[in-house]
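User: I am new to this structure and would like to learn how to read its features. Please guide me through them.

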Amino acid sequence: MTTAPTSIPEALEYYASAFEEIRRVRAESPEAVAQKLQARRRRPLLQGDGKLMLVAADHPARGALGVRDQATAMADRYELLARLAIALSRPGVDGVLGTPDIIDDLALMGLLDDKIVVGSMNRGGLRGAAFEMDDRFTGYDIDSIKRDGLDFAKTLVRVNLEDPATVATLEANARAVDDAYRAQLPIMLEPFMSNWVDGKIVNDLSTEEVIKSVAIASGLGNSSAYTWMKLPVVENMEAVMASTTLPTLLLGGEPKGTPEEVFASWQKTLALPGVRGLVVGRTLIYPHDDNVAGAVDTAVAMVHGTAS
């Protein structure tokens, strides 16, 4: 096969030797990971139309492996990498968001040249844990993002006014913004107002609470010069986008509703001032019909106006 595969079985076969090499390198030549990252060809953050279409894959590190009604959909690492490889091969996809384990795999596969690579920082608030609101920085930090030559940092900022662990999470995020400013590195904050409901953390996606979360996250750190927002698509996004001057990327969240409904909500919001693109994971990587290439191409067309 001379062109990049577009189906998952084809991709698993196409990258079988790459997977074997990943296993060999990790056991025998771990220094090759840093060498691959340092050698990758980089690009400007924004180019052309100034928009970004990024795929997200930082969910497993928080113990979130489910997609729709499949609790372990993301458990097979080789299938996840195959799906990401398909996505990254599609014209118009600008880059990927992930934790070090996934970014290192993708680097070893040679898939990160000319891509924006976003390092995910805080994954300590494991899904379903009693300590979920204590969202410690257990992934990248700013120093390691710079060390590996990545392009962007990302943090999750869940605010629970009834959980004392929130203040430590807020402080950690503020210090990350400080560090990003010193490194002159863009950092996207993904804020939510969150609550304990029947022993589980639930994000409040009402317009008012999303606006409140934006206000709180925007003020973190000693400078907002390099801060971006990563926000859910909710009702009255006009009001949400009127609440900030920070450049904003839209997140996909857990797949809900029909693909047509989800894509329509993105399409409308992408036209608002300040919206710079999409960061989407499971909705595109694990679409209803398993046509990753088709789902990604649809999203690219909405962000960049064309899929080619």
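User: How many salt bridges does a search of the whole structure find?

Analyst: Side chains of opposite charge can pair when their charged atoms come close. A salt bridge is a side-chain nitrogen of Lys or Arg within 4 Å of a carboxyl oxygen of Asp or Glu. The search of the whole structure finds 25. This is a predicted model, in which local features need pLDDT of at least 70 and side-chain atom pairs count only at pLDDT 80 or more, while totals for chains, interfaces and linings use all residues. Residues are numbered from 1 along each chain as its sequence is written, and side-chain values use heavy atoms, without hydrogens and water.

User: Which residue forms a salt bridge with Asp151?

Analyst: The partner is Arg42, with the closest N and O atoms 2.9 Å apart. Asp151 lies in the loop between helix H6 (142-147) and strand S4 (152-159) and Arg42 in the loop between H3 and S1, so the pair ties together parts 109 residues apart in sequence. Helices (H or I, at least four residues) and strands (E, at least two) are DSSP runs, numbered from the N terminus.

User: Is Asp151 buried or exposed?

Analyst: Buried means under 20% relative accessible area, exposed over 50%, and partly exposed in between (1.4 Å probe, protein chains only). Asp151 is buried at 8%, whereas Arg42, at 48%, is partly exposed.

User: Which residues of H2 are buried?

Analyst: They are Ala18, Phe19, Ile22 and Val25. The face turned away from the buried side of H2 carries the exposed residues Ser17, Glu20, Ala27 and Glu28.
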